[in-house]
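Biologist: I would like to go through this structure term by term. Please set each value against its definition before you conclude anything.

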Amino acid sequence: ISSEQREAKGHVQEIDYLLKEYLKGPISEELTHFVPENVKLVKFSTNNDSAQVLLSDGFARLSGMDLTVTCACITLTVIELTNVNNVQISTQNVPLNNQPHITMNKDCLKLLDSTPLNDLPKS
């Protein structure tokens with residue numbers, strides 16, 4: 001996970017614009033695009049100390065560690081851009097990790113793994 005500088009002249013206060021650019025993925029070929037291709041920002045809003053990020057349904061293709069890392073990256077980006085404490089991420093019609101939304105904050109950037117212990121691989 002790394003950061004990448006982008007020119008946002010004239011759009012610094014437009015969080016929707018900045019998130020749309022963020023979801024397009026990195027310009028540098030040294031970085032990997034972690035958001036599924038064609039995932040779009042549908043809606044962004046804030047309410048008190050929380051932000052809501054509504055993404056297109058293609059985002060729900062992510063699961064496990066990929067979903068956790070991607071939600072954590074989006075959360076940290078939104079917190080940095082807005083100074084909110086909590087970020088709620090959801091898609092239009094498809095649950096994420098069998099939940100209607102995922103909420104993260106800078107103190108809790110992980111999803112709980114719901115895999116039963118007896119289904120875990122033996123080492």
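Modeller: Ask about any label you like.

Biologist: Why is Asn-48 called exposed?

Modeller: The relative accessible area of Asn-48 is 75%. Exposed means over 50%, buried means under 20%, and partly exposed lies in between, with a 1.4 Å probe and protein chains only. Asn-48 is therefore exposed. This is a predicted model, in which local features need pLDDT of at least 70 and side-chain atom pairs count only at pLDDT 80 or more, while totals for chains, interfaces and linings use all residues. Residues are numbered from 1 along each chain as its sequence is written, and side-chain values use heavy atoms, with hydrogens and water left out.

Biologist: Where is Asn-48, and what is the phi of Asn-48?

Modeller: Asn-48 sits in the loop between E1 and E2. Helices (H or I, at least four residues) and strands (E, at least two) are DSSP runs, numbered from the N terminus. The phi of Asn-48 is near 55°, a positive value in a residue other than glycine. Most residues other than glycine have a negative phi.

Biologist: How do you know whether Ser-56 is buried or exposed?

Modeller: Ser-56 has 13% relative accessibility, so this residue counts as buried. Ser-56 belongs to the loop between E2 and H2. Leaving out residues up to four places away in sequence, Ser-56 touches Asn-38, Val-39, Lys-40, Val-42, Thr-91 and Gln-92. Contact means heavy atoms within 4.5 Å. Ser-56 and Leu-41 are 15 residues apart along the chain, and their C-alpha atoms are separated by 6.4 Å.

Biologist: What makes Asp-16 partly exposed?

Modeller: The relative accessible area of Asp-16 is 35%, so the label is partly exposed. Asp-16 is in helix H1. Neighbours within four places aside, Asp-16 is in contact with Leu-41 and Phe-44.

Biologist: Which label does Pro-100 get?

Modeller: Pro-100, at 64% relative accessibility, counts as exposed. Its place is the loop between E3 and E4. Pro-100 and Ser-90 are 10 residues apart in sequence, and 6.6 Å apart in space from C-alpha to C-alpha.

Biologist: What order do the elements of the chain follow?

Modeller: There are two helices and four strands. From the N terminus on, they run α-β-β-α-β-β.

Biologist: Why is H1 called roughly antiparallel to H2?

Modeller: Helix H1 (residues 15-23) and helix H2 (residues 64-82) pack at about 150°, and their axes are 11 Å apart. Axes are lines fitted to C-alpha atoms, for helices over the stretch in contact, and angles run from 0 to 180 degrees between N-to-C directions. Under 35 degrees counts as roughly parallel, over 145 as roughly antiparallel, 65 to 115 as roughly perpendicular, and the rest as oblique. The angle therefore makes H1 roughly antiparallel to H2.

Biologist: Which residues meet where H1 packs on H2?

Modeller: Ile-15, Leu-18, Leu-19, Tyr-22 and Leu-23 in H1 meet Cys-73, Ile-74, Thr-77, Val-78, Leu-81 and Thr-82 in H2. Nine residues of this contact are nonpolar, two are polar and none is charged. Nonpolar covers Ala, Val, Leu, Ile, Met, Phe, Trp, Tyr, Cys and Pro; charged covers Asp, Glu, Lys and Arg; the others, Gly among them, are polar.

Biologist: What makes a group of residues a nonpolar core?

Modeller: A nonpolar core is a set of buried Ala, Val, Leu, Ile, Met, Phe, Trp, Tyr and Cys residues joined through side-chain atoms within 4.5 Å. The largest one here has 26 residues, and Phe-44, Val-53, Leu-55, Phe-59, Val-78 and Ile-89 have the most contacts inside it. H1, E1 (41-47), E2 (50-55), H2, E3 (86-91) and E4 (102-105) each supply at least two residues of this core. H2 gives the most, with six residues.

Biologist: How much of the chain is buried?

Modeller: Buried residues make up 32% of the 123 residues.
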